[in-house]
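I opened a new structure today and kept notes as I went. Here is what I looked up, entry by entry.

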Amino acid sequence: MTASTIPMGHLVYEVDAEDVVTRIDGEWDAFAAQNAARSCLATQVIGRSLWEFVRDPALRAIYEALFASIRGSGGEKSFPFRCDSPHQRRTMRMTVRDLGAGAVRITSALEEVASIAPPLMVVAASSGAELLRRCSICLTFGWRGRWAGLDELLEHEALFDRERPLRVIYAVCEECRHDLARLAASPARRLGEEPVTADRV
Ligand SMILES: [Zn+2]
């Protein structure tokens with residue numbers, strides 16, 4: 001089994017009222033290894049602030065709003081997001097649940113997988129004059145002042161050297177910002193109610 005075929009279906013982590021990671025469960029280490037985030041192995045994450053791992057200020061603001069809206073609600077909210085590997089397009093669902101006393105459980109579950117052929121290597125760049133931005137939630141690419149899917153991007157493949165990884169700066173696209181702000185503003189689902197979701201990805 002190669003790294004890219006490690007089954008990666010379920011990740012769970014919990015934070016306390018101060019957003020410090022208190023528990024990690026599921027296939028986190030496989031996920032971290034698969035995504036080359038070796039500094040994020042479970043044993044190295046517990047006891048640290050979640051925000052050490054969420055560097056993009058826009059993404060952090062979205063999560064903070066979501067957590068604030070879930071704390072004390074006694075319920076949960078969920079939204080889909082993409083977490084691709086070079087070989088697979090993966091749609092996952094993140095569920096944020098109030099555990100009481102300020103604690104929050106975040107569960108990410110795999111919902112759908114499809115192959116990407118040929119594979120697409122993408123690496124994060126921290127700075128520079130790169131053309132591309134990429135949305136952390138839906139993985140669309142920000143290119144020439146607007147957001148576009150991979151297919152559209154590849155129509156202009158001559159602009160990019162497929163033999164080398166695409167260098168991107170991660171951000172959050174306007175649609176995802178809007179959807180997740182709306183999710184944060186809506187009431188949480190309590191047991192026995194219809195799910196509150198932002199389904200677009
Ligand atoms: Zn997006």
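**Entry 1: the whole chain.** I began with burial. Of the 201 residues in the protein, 23% are buried. I am working from a predicted model. I listed the secondary structure next and found 5 helices and 10 strands. Then I turned to contacts between residues at least 6 apart in sequence: 60% of them join residues at least 24 apart.

**Entry 2: the sheet.** In what order do the strands of the open sheet lie? I read β2-β1-β5-β4-β3, with antiparallel pairing. The sheet has 5 strands. Its edge strands are β2 (21-26) and β3 (76-82), and each of these pairs on one side only. Neighbouring strands are turned by 15° against each other on average, direction ignored. A reminder to myself: strands of a sheet pair through backbone hydrogen bonds, either parallel or antiparallel.

Entry 3: I picked β1 (residues 10-15) and β5 (residues 103-115). They run antiparallel, and 6 bridges join them. Within this pair, H10 stands opposite A109 in β5.

**Entry 4: a helix on the sheet.** Which strands does helix α3 touch? Helix α3 (residues 57-70) packs on the sheet and touches β3, β4 (88-100) and β5. Its direction makes about 40° with that of β4. α3 has 14 residues and spans 20 Å from first C-alpha to last, close to the 20 Å expected at 1.5 Å a residue.

Entry 5: I listed the buried residues of α3: L59, I62, Y63, L66, S69 and I70. Why do they sit on the same side of α3? They cover an arc of only 130° around the axis, so they share one side of α3. The buried residues of α3 pack against β3, β4, β5 and α5 (174-185). On the face turned away from the buried side, I found the exposed residues P57 and A68. Just after α3, G72 takes a positive phi of about 85°.

**Entry 6: a residue in α5.** I looked up A181, which is in helix α5. Why does A181 count as partly exposed? A181 has 15 other C-beta atoms within 10 Å, and a residue is called buried at 20 or more and exposed at 12 or fewer, so a count in between is partly exposed. Last, I checked A181 against A65. They are 116 residues apart along the chain, yet their C-alpha atoms are separated by 7.5 Å.

Terms used: Residues numbered from 1 in each chain as written. Predicted model: local features only at pLDDT ≥ 70, side-chain atom pairs only at ≥ 80, totals over all residues. Pairing = 2+ DSSP bridges. Helix = DSSP H or I, 4+ residues; strand = E, 2+ residues; numbered from the N terminus. Axes fitted to C-alpha atoms, helices over the stretch in contact; angles between N-to-C directions. Contact = placed C-beta atoms within 7 Å. Expected span 1.5 Å × (residues − 1). Arc of directions from axis to C-beta.
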